[in-house]
Amino acid sequence: MNALNIVLNIVLIIAAVGLIAAVLMQSGSSSGLGALTGESQSFTARGKAASKEKKLQRITIVLGIFIAVVAIAMMLVSAFGGKDANNTTAAVITNIIGLM
């Protein structure tokens, strides 16, 4: 395992922990027990909660895409990151284009 693979693994683990935290911080779509008792929120409280939820949704989407990109990069590094003499950026790009 080369240094780039180790770095990508660490980045992937950190992003995965961040994604888990972002998902756990989001509230459910139901009103919970507050709707049962007739409890309601003020307009400004709902607005603040909505903006927080919107930020958490954005963070979740961005981290999900980031994890997918890092996973693909890890796959490419392990596929083309051997100890060959042709392990240059141009050779890797040529191999990727050849696979398409």
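Colleague: How much accessible surface does the protein have, and what share of that belongs to carbon and sulfur atoms?

Modeller: The accessible surface comes to about 7700 Å², and 69% of that belongs to carbon and sulfur atoms; such areas come from the Shrake-Rupley method with a 1.4 Å probe, and for residues only the protein chains shown count as cover. Please keep in mind that this is a predicted model, in which local features need pLDDT of at least 70 and side-chain atom pairs count only at pLDDT 80 or more, while totals for chains, interfaces and linings use all residues. Residues are numbered from 1 along each chain as its sequence is written, and side-chain values use heavy atoms, with hydrogens and water left out.

Colleague: And which elements is the protein built from?

Modeller: The protein has four helices and zero strands, where helices (H or I, at least four residues) and strands (E, at least two) are DSSP runs numbered from the N terminus.

Colleague: What's the span of helix 1?

Modeller: Helix 1 has 23 residues and reaches 33 Å from its first C-alpha to its last, close to the 33 Å expected at 1.5 Å a residue, the expected span being 1.5 Å times one less than the number of residues.

Colleague: Which residues are buried in helix 1?

Modeller: Asn5, Leu8, Ala15 and Ala22 are buried there, buried meaning under 20% relative accessible area, exposed over 50% and partly exposed in between, with a 1.4 Å probe and protein chains only.

Colleague: Then why does Ile10 count as partly exposed?

Modeller: Ile10, which lies in helix 1, counts as partly exposed because its relative accessibility is 48%.

Colleague: Switching to helix 3, is Thr60 buried or exposed?

Modeller: Thr60, found in helix 3, counts as buried because its relative accessibility is 19%. Leaving aside residues up to four places away in sequence, Thr60 touches Leu19, Ala22, Val23 and Gln26, a contact meaning heavy atoms within 4.5 Å.

Colleague: What does Phe66 touch?

Modeller: Phe66 sits in helix 3, residues 43-80, and touches Val11 and Ala15 when residues up to four places away in sequence are not counted. The C-alpha atoms of Phe66 and Ala15 are separated by 7.7 Å, although the two residues are 51 residues apart along the chain.

Colleague: Last one: what share of the contacts with a separation of 6 or more comes from residues 24 or more positions apart?

Modeller: For the protein, that share is 82%.
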